[in-house]
Structure formats: structure tokens, C-alpha cells
Amino acid sequence: MSATAEAPSTAAPGSPELFSERLKAATWSDHRAAEDHGFTRALLDGSLPLAGYTEMVAQHYFAYAALEEVGRRLSDDPVAGRFHYPELERLPALVRDLEHLLGPDWRERISPGPATRTYAARIEQMAGHPEGFVAHHYTRYMGDVSGGQFIRRAAAGAYGLSDGAGVAFYVFDALGSLPRFRAGYRERLDSLDLDEAAAARLVAETRLAYQLNTEVFADLGRVHAPAA
Ligand code: HEM
């Protein structure tokens, strides 16, 4: 049974019964803002210069370092631990992409921008708020296995990159079928035994996670896609 079904008195009228559906419905306008951002559009239509793509990969490195570190810390937590999928971890792929894009001294050539620092700090705070951590996990990884696959194709085409070199971040071979993975992920969301307050916090934190991502795009866009 979903968290929303257990607390009908506080659920919005007409809200879907499954928590995964409620979460998607309540955050889809934020998704649209991230998807429709000028930087994202330029990335998808192939007009973003390679330097902009490279900088996005660099910013991802800092966000995922925080996400995966907190994820490991919460791996035994009854809520967040259900989303501990070692096979999802993106840091090794990000390192491969950065080595390819920037060379062996990639680590000295990257630093987190202001929006990324804010985003990573928020993720770190979620070490004490497991359902908030789930919100950040959902926003990034479900995005990577969904719209991320469009980015993978666009970047491979625009910059001549390949799966092992430049777009490894978007390759999830260890997961098998992505539609099946997404369905299983939604089932885990639906089986979370959250009370209404925790469910509402997860939804609110997901909205914030989208906004923090959009701010990272805005920072990147100011430098790399100013006309967008
Ligand atoms: C889901 C497209 C950007 C997060 C989806 C789905 C599509 C999509 C088609 C539905 C997949 C399905 O129902 O199985 C895109 C496109 C993007 C984009 C074209 C442009 C690059 C983003 C960004 C984020 C994101 C930037 C987060 C920062 C998500 C999440 C879902 C999702 C969390 C799962 C929604 C759910 O089923 O609950 N995206 N997306 N997407 N996307 Fe995006």
C-alpha cells in the first residue's frame, strides 16, 4: 500500500494512489523547467560547444561525489537503504569521461561552481534526512536512465564521443533493460512505508532537487550558452 493511500485525509483531492505517480505528478512542472532550460535545449539540439558539455560533466562529478558518498553512509537505513544500488554509481564513469575530455590532469582542471556547491551541500545535509536523500537520488538517477538517454545520443552525435569515452556517464549496461529498471524503481517508491509528513517532505525535496539542478544549468548557461 502506498503512503498516500494510508493517509487519505491529507492527500490532495484526486491525487493518484501510487506514491510514484503522486511524486511524478507533483514535480512534473519542475521537470519541465529543467528540461526546457536554454542550456538543456542547446545540449539536446547539438548547438552547445564541447566546452559547455565538458563543464557540465565536471559539475556532475561534484554532485555525484556527494550523492554517492551519502548513499553509502545511508546504505543500512530502512528508507534510503532501499535505493542503495551499487550498479547505479556514476563516479567511475564520470572519471573516465573527464579523463577523455580533459586529460590525465582533469582533477586539477575542475572546480565546483556556486550552484553546484549549494546543491552538493544540500545533498550532504540529507545524510540526516533519509527521505530527502531518496528525493535527490530519484531526481538524478531516474533522470539519467530516462531523459539522460537523449543527452547521450545528442552528445555522442554532436561531439563524436563514444560510450567508453565521453558519454560513459549515460551508459547503464549493468542495469539491463532501462524500462524494467524504472518500473522496479517505482515499485520501491510505492512500497516505502512513509507517513504523510515524510511523503510530503520527499515530494518537497524533489521539487528543490529539480530547482537546484536548474540553477546548475543556469550557471553553466551564462558562460557556455549565453544566447540560449
Ligand atoms: C523522466 C525526458 C531532463 C529527471 C523523463 C521521461 C522523459 C524525460 C521522456 C519519462 C520516462 C518514463 O516515463 O519512463 C527528459 C528530457 C530531458 C530531461 C528530454 C532533457 C534533457 C531531465 C533533468 C532531470 C530529469 C535535467 C533532473 C535533473 C527526470 C526524472 C524522471 C524523468 C526524475 C522520472 C519521472 C518519473 O517517472 O517519476 N524525462 N528529461 N529529467 N526525468 Fe527527465
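Figure 1. A polar atom of the T27 side chain lies 2.7 Å from the backbone oxygen of L23. When residues up to four places away in sequence are not counted, T27 touches Y138, V203, T206, R207 and Y210.

**Figure 2. Overview of the protein chain, for orientation among the close-ups.** The chain has 10 helices and 0 strands, so that, read from the N terminus on, its elements run α-α-α-α-α-α-α-α-α-α. The C-alpha trace spans about 55 × 35 × 35 Å along the principal axes. A compact globule of 228 residues would have a radius of gyration near 17 Å, and the 18 Å found for this chain therefore agrees with that expectation. Among contacts with a separation of 6 or more, 80% are accounted for by residues 24 or more positions apart.

Figure 3. The mean pLDDT of the protein chain is 92, and 92% of its residues reach 70 or more. Over residues 1–15, however, pLDDT stays under 50, and for this segment the model has 20 contacts beyond four places in sequence. Where pLDDT is low, the predicted coordinates should not be read in detail.

**Figure 4. Close-up of Y53 and the largest nonpolar core.** The largest nonpolar core has 65 residues, and those with the most contacts inside it are Y53 and L189. Helix α4, which covers residues 50–73, gives the most to this core, with 11 residues. Leaving aside neighbours within four places in sequence, Y53 is in contact with L43, L48 and L101, with A155, Y159 and L161, and with G166, V167 and Y170.

Figure 5. Y85 lies in the loop that runs between α4 and α5, the latter being residues 91–102. Although placed in a loop, Y85 is buried, because its relative accessible area of 9% is under 20%. Its side chain makes a polar contact with the side chain of R188, at 3.2 Å. R188 is also one of the residues in contact with Y85 when neighbours within four places in sequence are left aside, the others being H137, F181 and Y185. P112, by contrast, is 27 residues from Y85 in sequence and 25 Å from Y85 in space, C-alpha to C-alpha.

Figure 6. F172 lies in the loop between α8 (148–159) and α9 (178–190), and F172 is buried, with a relative accessible area of 5%. The contacts of F172, leaving aside neighbours within four places in sequence, are with L88, R90, D144, V145, Q149 and L178. The C-alpha atoms of F172 and E89 are 9.5 Å apart in space, whereas the two residues are 83 residues apart in sequence.

Figure 7. S162 is found in the loop between α8 and α9. Its relative accessible area of 40% is between the limits of 20% and 50%, and S162 is therefore partly exposed. Apart from neighbours within four places in sequence, S162 is in contact with V167 and A168. S162 and R152 are 10 residues apart along the chain, with a separation of 9.1 Å between their C-alpha atoms.

Figure 8. S111 is located in the loop between α5 and α6, where α6 is residues 114–125. With a relative accessible area of 46%, S111 is partly exposed. Its contacts, neighbours within four places in sequence being left aside, are with E55, Q59 and F62, and these three residue numbers fall within helix α4 (residues 50–73). The C-alpha atoms of S111 and G132 are separated by 25 Å, and the two residues are 21 residues apart along the chain.

Notes: Residues are numbered from 1 along each chain as its sequence is written. Side-chain values use heavy atoms; hydrogens and water are left out. pLDDT is the predictor's confidence in each residue, from 0 to 100. Contact means heavy atoms within 4.5 Å. A nonpolar core is a set of buried Ala, Val, Leu, Ile, Met, Phe, Trp, Tyr and Cys residues joined through side-chain atoms within 4.5 Å. Buried means under 20% relative accessible area, exposed over 50%, partly exposed in between (1.4 Å probe, protein chains only). Helices (H or I, at least four residues) and strands (E, at least two) are DSSP runs, numbered from the N terminus. The radius of gyration is taken over C-alpha atoms; the globule rule is 2.2 Å times the number of residues to the power 0.38. A polar contact is a pair of N or O atoms within 3.5 Å; within protein, one must be able to donate a hydrogen and the other to accept it, and residues adjacent in sequence count only if both atoms are side-chain atoms.
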